[in-house]
Amino acid sequence: MKKNINFENFYVYEGNKVAFLAAQKIVQFPGEIFNPLYIYAAGSYGKTYFLWAIYNELSKKEPALLFTYREFEEYLQKTTKFDTAILVDDINQVNEKFQDAILGMIDIMISKNKQICFSGNAPPRELRNLGQKIISRLEGGLVCDIQPPREIALVEFIKKKSEERGFIIPDEIALELTHISGNSLHTIEGMLNRLAAYASLGNVTFDINTVRLILKEFYPKGIYSPVASLVEELKKSADEILTEISESKDIRTDYKEKIYIWEMKGFDTSSIKPFLDGDLEKLTDAYNTFIKKVEKLIELQKEFGTIDTSKFPEEALKIETMLFSPDKIEEIEKLLNSIKEALKPQEKKSFANYLIGECNKTVLELYEKSIIPNLGKKFNPYIIFGEAGLGKTFLCENIAEDLRNRGYNPVLWDFEKGFDNLSKLVDEKDTLLIDNFQKLFYTSSKIRDSIIGEITEYIKNEKGVFIFSEPLGGDVTLTEDERLIFEFGIEAFLNEPDAQIIDAYLKAKLNPDEYEQVKNKGIPICKSFKAIEQFIEDLRKPIVIEEKPAEELISLGLPGEEIFQPEPVEITQVLEPEAKPEPAPITGIPLVKIKEERLIIQEFADELIEDNYQSKNGDNKWQ
């Protein structure tokens, strides 16, 4: 509610007008005038509401912090940098040991033109927990006191606030509330909140008797004796209620009064009303059943209030319409259970996307059966060797996720990325995972010795350590400390992916058509996961079809045609052919070269030319 307080809906009267005007100026010119601002009042006249209004309006322009006095004490212990507007409620309750910190904060904030606002219960000079220097700083700003509102002002305040909450309070009831509030705005806000809650339950008419019944706890004892409250009714068992009723002079009237209470609170009493004028024993049984159902409904109301129904608006609306209907309990429970089931977090399953086969099964079995049960205490570190491309990094990520699911905090060092800014293990649940460990042996001896020393210290402190490395080359010579690390722990090896793993990997990576195509041709043999990825990449490369050159056309010297010039051929032997008559030359007819040794006519209208290229002579005879 306080988050909705602003200058537009703030109630202003003669007793707080000066403070209200000052608050507006502060928001308009934060840190420049009236800094610090100190607001005080001897009673509950709205100091906290003032700070909330300033905070909400100031936050629209710049960052601001609002503290209770306990939150302020914690804040002073954690920080010495003050560059944000600060508002503190009930400064009179801050412990005296924070005086120096408060004084230093005020001086820094004033020098930076950052607004400070305090509230208290007395003028500055009457604050026993603050020293003279702080008091002088408060008086150097602006001090505003809030006077108690007069009766007429309180009546106006009550009517205005009730209208904001969606119901109307008659003048005579507002006047009575001013009398029992002790002029406390906090008390009035509390009473109006109670009335608003009842108004939201149904069509409740606020007459003086109804208000006294609802606000029983606010009235001084002995003024009146209302009927038992809702909470009191629920605390009584059915037998106690029946005993009360049996001792009453007018049992049926007593039942009517109790049923009226439930009806006023919004509960559907239609199931019990038919028994009011009937058999008294049946009425008693019906009332007993009704009370038990109401108790159950209230339990469901509380449960409903704790569930986030933002993703289930239709179900939530249905439940809201039934929360005061005793005959709808089963339907409410069914809807609540369906929402709760849908809201259940999905159980995190470790290694869900990690393929396990003969190549890595031993590594996982050691992890599950030996490492985890004795994490940090035995078999520490756990060293996993594997050639490049066998999935060490992916296994490292999966083990890290599994450790998180088990409640540990995995800290990752990747030596592929360098050796600077390596995170420290400080928490009890921290575990260390080192990827590309082999890189350490190719850096300077200073860095190498420092990191080995740090790892050794973690092992001594029983921090779980996991090392992922390629096999160390023959050029690596271990120092005594490095050798001890390997002796402390247990080693396991990742092998080349077997056929089962390759098949499963391809099935996961390829679409169904691609996988079927590969399977029909035969699952490839790959020495590493990197090789499998290369196979997939090659598989998806587009196939390029080379275009064949067009058949060569030979020109016959016709007009517009190029003359075919055969390439010169070196003659190594001359054979004397038999003399044959040369065929008459053919001109003007294009020929196509076929397989280098045969020519045919490409176009010849209405005539057939044989392969020996004969043609008609002038006498229309074939030669």
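Biologist: What share of the 623 residues in the chain is buried?
Modeller: Buried residues come to 41% of them. Keep in mind that this is a predicted model.

Biologist: OK. And how many helices and strands does the chain have?
Modeller: There are 22 helices and 13 strands.

Biologist: Among contacts between residues at least 6 apart in sequence, what percentage join residues at least 24 apart?
Modeller: That's 65% of those contacts.

Biologist: Let's talk cores. Which residues touch the most other members in the largest nonpolar core?
Modeller: Phe50, Ile54, Leu177, Leu195, Val211 and Leu215 do, out of 52 residues in that core. Domain 1 (7-145) and domain 2 (151-218) each supply at least three residues to this core.

Biologist: Pick Leu195. What is Leu195 in contact with, leaving aside neighbours within four places in sequence?
Modeller: Leu195 contacts Phe167, Ile169, Leu177, Phe206, Val211, Ile214 and Leu215. As a rule, nonpolar side chains in soluble globular proteins tend to be buried together.

Biologist: And what does the second core include?
Modeller: That one is separate and has 28 residues, including Tyr287, Phe290, Leu300 and Ile329.

Biologist: Switching topic: what's the strand order in the open sheet of 5 strands?
Modeller: The order runs β7-β8-β9-β6-β10, and the pairing is parallel. β7 (409-414) and β10 (490-493) are at the edges with a single partner strand each, so one side of each has no neighbour in the sheet. On average, neighbouring strands here are turned by 20° against each other, ignoring direction.

Biologist: How many bridges link β8 and β9?
Modeller: Strand β8 (residues 430-435) pairs with strand β9 (residues 465-469) over 3 bridges, in the parallel sense. Within that pair, Leu433 sits opposite Phe466 in β9.

Biologist: Which helix packs on the sheet?
Modeller: Helix α18 (residues 445-460) does, touching β7, β8 and β9. The direction of α18 makes about 160° with that of β7.

Biologist: Which residues of α18 are buried, and what do they pack against?
Modeller: The buried ones are Arg448, Ile451, Ile452, Glu454, Ile455, Thr456, Tyr458 and Ile459. They pack against β7, β8, β9 and also α19 (480-488).

Biologist: What span should α18 have at 1.5 Å a residue?
Modeller: Its 16 residues should span 22 Å, and the end C-alpha atoms are 22 Å apart, so the two agree.

Conventions
Residues are numbered from 1 along each chain as its sequence is written. This is a predicted model: local features need pLDDT of at least 70, side-chain atom pairs count only at pLDDT 80 or more; totals for chains, interfaces and linings use all residues. Side-chain values use heavy atoms; hydrogens and water are left out. Two strands pair if DSSP finds at least two bridges between them. Helices (H or I, at least four residues) and strands (E, at least two) are DSSP runs, numbered from the N terminus. Axes are lines fitted to C-alpha atoms, for helices over the stretch in contact, and angles run from 0 to 180 degrees between N-to-C directions. Contact means heavy atoms within 4.5 Å. A nonpolar core is a set of buried Ala, Val, Leu, Ile, Met, Phe, Trp, Tyr and Cys residues joined through side-chain atoms within 4.5 Å. Buried means under 20% relative accessible area, exposed over 50%, partly exposed in between (1.4 Å probe, protein chains only). Domain bounds come from an automatic or database domain assignment. The expected span of a helix is 1.5 Å times one less than its number of residues.
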